[in-house]
Amino acid sequence: MLFILGNAAIFISCFIPTTLHAGSVPEIYKRFNLTISSENYNPSFRPDFGNPEKPAVITLDILLRDVVNLDIDKQEIGLQMTLHQEWKDPRLGYTAPEGVQLPVNLRIPSDGKHFSIWVPDTVIKNELHRTHGTVSLSERLSVTTKCIMLLEYYPTDQHQCHIDMGSYGWSALNIDYKWAQINPIKTRAGVANPIQDFRLESYDSVTCSRGTGSEKYPCLRAIFTFQRESSATWRLVTHIYLPNFLFVAVAGLALFLRCSEVRTRLALAATTLLGTVLVGSLAMSSIPRGARLVYDWLSASNIFTGVALIWMLICAVWQGRDDPQIAPEAEHQFLVEGVADGGPEKVVPRSKIPVTGYIKAWLPGVIYFVAFAIFCFVNWSHTYNLL
């Protein structure tokens, strides 16, 4: 196996010898050059060309070296990996003359674009851009592919990015791809370290062939699953959820104040509304686009504090009607009650106010907190998969 860095090279395994003869290497290279330069060998044709019953079988495996970038805005992922391919080409088989031992591998130099033997036209199908006859080809690649990321469940979102590999122009009649049976995908130490709030959770190897019959095109897919780190959840709680929760709660508590406390109620309602709007504006720069549940939370916080302010304005207008003057020392003993038929108002001792009067006074606050609790339960259940 050779990792290609700049130039490319191919190893050919003829068969494993028991010993190596000092003069055998030049002899084998000479025989090999005669083979590939003869009329019987054409590097443009695959092994067993013309036999649709026996397509060339390419065995793949991947070594993931590093996750370079995971761009949420561009929906892209950048990887550094080594792609190893192996196939059999009977035309390169060789029988050693008596007394001559063969080396295990022959190294065939190449410039990375032109090869003296046939090689499969394997490509990364979803790539955006990138810098005895058994043949082994390894290439070190820097690959950038499209990765669709659904951010609805931010900050507990999980994303699957994949790399599709297959032939550029050959159908299944001429070439077939299979994953290596043992460890088709391997990773270097440190690849699982977090990058941009994500860690590599798992990976899998599947097939992604398309078409049927003679129009079937073989394809192999490597799937990488990334999970967002829990640190993003704590930032969201401390910077957005907690401040907004306190603002909404203060606005709700202000609903339990008496309507006569007009200035206090309006000051609390206006302050909490400005607070939720400010928190939402600052959060826009740190929350990725598509985080629908978080945006719903921010919008709902503004709505709840806005409704509280509107209700307090209604109370202020209602309180502005002419009320009888009550001595301050007697204020704790009386309530002003309007007569339903529009008649004159009367002063009723607080001790004689029915229980339903207190319920009506607290009802807006109770409804406010019940509605807010239901919204929080639904929103957080979806965000953190509690249901």
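This is a predicted model: local features need pLDDT of at least 70, side-chain atom pairs count only at pLDDT 80 or more; totals for chains, interfaces and linings use all residues.
Take Val 366 as one of them. Val 366 sits in helix 5. Its relative accessible area is 41%, so Val 366 is partly exposed.

Now the annotation. UniProt, in an unreviewed entry, lists "transmembrane region" for residues 240–259, 266–285, 297–318 and 361–380. What does the model show for two of those spans? Residues 240–259 are 75% helix and 0% strand. The end C-alpha atoms of that span lie 31 Å apart. Residues 266–285 are 90% helix, again with 0% strand. Here the end C-alpha atoms are 30 Å apart.

Next, charges. Side chains of opposite charge can pair when their charged atoms come close. How many salt bridges does a search of the whole structure find? The count is 11.

One of them joins the side chains of Arg 221 and Asp 164, at 2.7 Å from N to O. This pair links distant parts of the chain. Arg 221 is in strand 12, residues 219–228, and Asp 164 is in strand 8. They are 57 residues apart. Buried or exposed, what is Asp 164? Its relative accessibility is 3%, so Asp 164 counts as buried. Arg 221 is partly exposed, at 23%.

Another salt bridge pairs Arg 199 with Glu 201, at 3.2 Å from N to O. Arg 199 is partly exposed at 28%. Glu 201 is also partly exposed, at 41%.

Then helix 4, residues 292–319. Asp 296 and Arg 292 both lie there, four residues apart, about one turn of the helix. Their side chains meet in a salt bridge of 3.0 Å, N to O. Asp 296 is partly exposed at 29%, and Arg 292 is partly exposed at 40%. Glu 152 joins these two in a network of salt bridges.

Last stop, Asp 157. Where is it? In the loop between strand 7 (134–146) and strand 8 (158–167). Asp 157 has 2% relative accessibility, so this residue counts as buried. Its side chain makes a polar contact of 2.7 Å with the side chain of His 159. Leaving aside neighbours within four places in sequence, Asp 157 is in contact with Leu 150, Leu 151, Phe 198, Phe 226, Gln 227 and Arg 228.

Technical notes. Residues are numbered from 1 along each chain as its sequence is written. Side-chain values use heavy atoms; hydrogens and water are left out. UniProt positions are given in the numbering used here, feature names are shortened, and annotations may be inferred rather than shown by experiment. Helices (H or I, at least four residues) and strands (E, at least two) are DSSP runs, numbered from the N terminus. Buried means under 20% relative accessible area, exposed over 50%, partly exposed in between (1.4 Å probe, protein chains only). A polar contact is a pair of N or O atoms within 3.5 Å; within protein, one must be able to donate a hydrogen and the other to accept it, and residues adjacent in sequence count only if both atoms are side-chain atoms. Contact means heavy atoms within 4.5 Å. A salt bridge is a side-chain nitrogen of Lys or Arg within 4 Å of a carboxyl oxygen of Asp or Glu.
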